[in-house]
Every structure is written in structure tokens, then in C-alpha cells.
Amino acid sequence: MPLDNQNKINHILTVILRTFAGRQKTVVLVYQSAGTYSYATVQAIFRPQTILDLQIPDQVGTAPRQQFDMLMVVPAGTNLTGVVYVADTTTATASAVAAAIKYAIVEALPVGILPGGTHIVAKMRRLR
């Protein structure tokens with residue numbers, strides 16, 4: 001069925017956002033502009049990458065390796081341009097961000113059934 005009218009598109013976006021309910025947590029996006037840091041909270045799904053069975057080889061026949069530390073799923077309208085890192089805290093202050101676990105975004109791609117995506121999936125590495 002083609003997505004030929006706005007009602008179908010709005011319905012898909014509503015259902016996707018409804019599936020996020022109850023699985024989200026608040027995290028802080030840290031932006032840097034002209035040497036100044038700014039903080040913004042966002043509701044995101046945070047999932048660590050897990051390798052289910054180390055004995056099952058990958059495509060080249062070696063043991064599977066972990067590609068990223070954390071997977072973050074955010075709504076499509078979230079601005080990730082200029083994000084320095086993501087802090088795993090609910091408070092958007094400098095002291096709370098300094099004490100939190102931080103993740104750098106390796107790759108962020110829009111995914112989903114609609115052109116331009118219904119949500120953004122970001123692969124992240126933990127900063128140590």
C-alpha cells in the first residue's frame with residue numbers, strides 16, 4: 001500500500017512513538033558551539049550490544065566482535081548535529097554530566113518505513 005496521503009504517514013508516526021512508551025529513559029545530549037557547551041534532555045531507548053553466542057562465527061569464520069557499546073533510538077525530529085557526546089543522566093547540568101557515563105556517537109542513521117525515517121538509530125562507544 002503506497003504512503004500517498006498524510007493520514008497514513010501520521011498514523012505510522014503515531015504508532016512508532018507509541019511503541020517507544022515504557023522503554024525510554026531520559027539522557028542528556030551535550031552540544032558544543034563556539035567553545036560553549038549546552039545541554040538538552042531527550043527521551044531515548046538505550047540498549048547495550050550483546051553477542052548472544054560467541055561460538056557462532058561471523059561471515060568470515062571468526063568469532064563475532066562487538067561493533068559498538070550502546071545503541072540509542074530517538075524520535076526522527078531529534079537534532080544530533082553538533083552532539084559531542086551523550087551523558088547517561090537525567091539532569092542537564094555541568095556537574096551531573098561530568099559525573100555520568102558518557103558515550104560518543106559513532107554513527108547515526110534515520111531508519112523506518114517512511115522516506116527520511118520514522119526514528120534515528122545511533123551506535124555509540126563508551127568514553128573512558
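Two helices and six strands make up the chain in this predicted model. Read from the N terminus, the elements come in the order α-β-β-β-β-α-β-β. The chain runs to 128 residues, and 30% of them count as buried. As for contacts in the chain with a separation of 6 or more, 53% come from residues 24 or more positions apart.

Now for the inside. The largest nonpolar core holds 16 residues, and V27, L29, F46, M72, V86 and M124 are the ones that touch the most other members. Two or more residues of this core come from each of β1 (25-33), β2 (36-48), β3, β4 and β6 (119-126). In soluble globular proteins, nonpolar side chains tend to be buried together.

Setting aside neighbours within four places in sequence, V27 is in contact with a run of residues including A40, T41, V42, A44 and F46. The list for V27 also takes in M72, as well as V86, A87, D88 and T89.

Then there is G82, which sits in the loop between β3 (70-75) and β4 (83-87). G82 has a relative accessible area of 41%, so it is partly exposed. Beyond residues up to four places away in sequence, G82 touches V30, Y31 and Q32. The C-alpha atom of G82 also lies 7.7 Å from that of S33, although the two residues are 49 apart along the chain.

Note on methods. Residues numbered from 1 in each chain as written. Predicted model: local features only at pLDDT ≥ 70, side-chain atom pairs only at ≥ 80, totals over all residues. Heavy atoms only, no water. Helix = DSSP H or I, 4+ residues; strand = E, 2+ residues; numbered from the N terminus. Buried < 20%, exposed > 50% of the residue type's maximum accessible area, 1.4 Å probe, protein only. Contact = heavy atoms within 4.5 Å. Core = buried A, V, L, I, M, F, W, Y, C linked by side-chain atoms within 4.5 Å.
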